[in-house]
Amino acid sequence: MTRTAQIAAELPDYDPEALRASAVGAFLERLVAPITETEEVGLLDALGRVLAQDLISPISVPPHDNSAMDGYAFDGAALSPGQPLRLRPVGATALAGKAGAGPVDAGECVRIMTGAVMPAGLDTVVPLELTRTDADGCILIAADLLRRGANRRLAGEDLMQGRVALAKGEPFTPAAMGLAASLGVPSVTVYRRLRVACFSTGDELLSLGEPPRAGAVYDSNRYTLLGLLTRLGVQVIDMGVVRDEPASLEAALRHAAGQADAIITSGGVSAGDADHTRRMMKQLGDVVFWRIAMRPGRPMAVGRIHADLQAESTSSAQPASASSYQNEDSGGCMLFGLPGNPVAAMVSFLAFVRPALLRMMGSTRAGPPPLRATCTEALRKKPGRTEYQRGVVSRTADGRLQVRSTGHQGSGMLSSMVQANGLIVLHHGQGDVAAGDMVDVMMFDGVI
Ligand code: AMP
Ligand code: MG
């Protein structure tokens, strides 16, 4: 039994003709491993990549106790309940970026600016606007105004030297970039970029620039998929349109497997007559074909193209690349064969391929949870399959989240994907939705 078949057979209630969407996710978690190669890159180049090593804090941030306000620093031990305090400012103002001032005597304080090192022995800051100055030039602090330690930031309160500041598997976000910079770290170790090849299959597909012809449609899947992949931060290899013809498909799969970690195709995975894709995928790899209990998006192929097939190109018009970047650990290049219908291709990508690619990229971060929103209308839903309906989420006048459907849910209607800002996810066991029911919504923000 092949590895994919073995994992599939172990899925609960495995049924290749009506597989639960949740089982596909579980399958991919078992099949897909993170790549192993890493590289060290400067902070700006690391944006959107995944950390391949814990970043250990070489220093503490802030490096010293400092003032959180413009005011006067004093020894908080002098505070006592119900008692006002009178303090005499001494010495120069403590400024940010200068060495620490002090020590001072009892009854004295030091004028201090935000970010300045706390003078030796002083632990509390009274903000300027909360003080009065008397005729002698002393400052007066009203009773019970402050607690000891107020308005002081402690050394290491953001990050402590020697601790994990950023964990392996975390995405390198703008916040992480700033945090690394705050530690004085100029570069980080990240996984190398994932390489993903993408092509569309179909005799009816026109490429941009070709004149329209009867019975033909423009290839849109490649553009939605290339866009989604670019957003994900992978290196995309655009392989264009491939005809429904065995030799072209074979050449394309071999060529893609020679240079990519994963191949994403669309079209030709349902059991139609003109679809040679299934046969060719089976011949070149360890691929399973499913009908998933979902809508839109039923047919899908998942598996690997064999690693040892990559170099020996028989009918290939394009030479296989000399450098091979396949996933060494797991032997071979991942293959995701998506359905041809444009919305089905996008939904299948979002539901299954995107999480799997993130895993290959080394990410261990869970995606954001779905939102819960009130559905403003009744939706028909058959129990026994997962439905992804295009939705528009907005806020009610009193600030609650609500969602409406974009209307027609045809699996070819890309216009509905453009109008939508999320997918209403109607789960496997769920039945009809009544107006006013709460539903889960997967938001598109940052993804589409
Ligand atoms: P298939 O999965 O190949 O049977 O295709 C299903 C439907 O999706 C057919 O109507 C195709 O014309 C359409 N289709 C397939 N691939 C694409 C594509 N790349 N762009 C736009 N429509 C497509
Ligand atoms: Mg087709």
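A salt bridge is a side-chain nitrogen of Lys or Arg within 4 Å of a carboxyl oxygen of Asp or Glu. The structure is a predicted model, in which local features need pLDDT of at least 70, side-chain atom pairs count only at pLDDT 80 or more, and totals for chains, interfaces and linings use all residues. Residues are numbered from 1 along each chain as its sequence is written, chains are lettered from A and ligands numbered from 1 in the order in which they are written, and side-chain values use heavy atoms, with hydrogens and water left out.

A search of the whole structure gives 16 salt bridges. One of them joins the side chains of Glu170 and Arg365, at 2.4 Å from N to O. This pair links distant parts of the chain, 195 residues apart. Glu170 sits in the loop between strand E11 (164-166) and helix H4 (174-182). Arg365 sits in the loop between helix H8 (342-360) and strand E22 (371-375). Helices (H or I, at least four residues) and strands (E, at least two) are DSSP runs, numbered from the N terminus. Glu170 is partly exposed, at 23% relative accessible area. Arg365 is partly exposed too, at 46%. Buried means under 20% relative accessible area, exposed over 50%, and partly exposed in between (1.4 Å probe, protein chains only).

A salt bridge also joins Asp75 and Arg148, at 3.6 Å from N to O. Here the partners are 73 residues apart. Asp75 lies in the loop between strand E4 (71-74) and strand E5 (85-89). Arg148 lies in the loop between strand E9 (139-141) and strand E10 (152-153). Asp75 is partly exposed, at 32%, whereas Arg148 is exposed, at 53%.

Glu39 and Arg49 form a further salt bridge, at 2.4 Å from N to O. Glu39 belongs to strand E1 (residues 38-42) and Arg49 to the loop between helix H3 (43-46) and strand E2 (55-56), so the bridge ties together parts 10 residues apart in sequence. Glu39 is partly exposed, at 31%. Arg49 is buried, at 6%. Elsewhere, salt bridges link Glu37, Arg192 and Asp261 in a network.

Helix H5 (residues 221-232) has 12 residues. From first C-alpha to last, H5 reaches 16 Å, close to the 16 Å expected at 1.5 Å a residue. The expected span is 1.5 Å times one less than the number of residues. Buried residues of H5 include Leu225, Leu226, Leu228 and Leu229. Among the elements that cover the buried residues are strand E13 (195-201), strand E16 (235-242) and helix H9 (414-419). Just after H5, Gly233 takes a positive phi of about 85 degrees.

Methods: Contact means heavy atoms within 4.5 Å.
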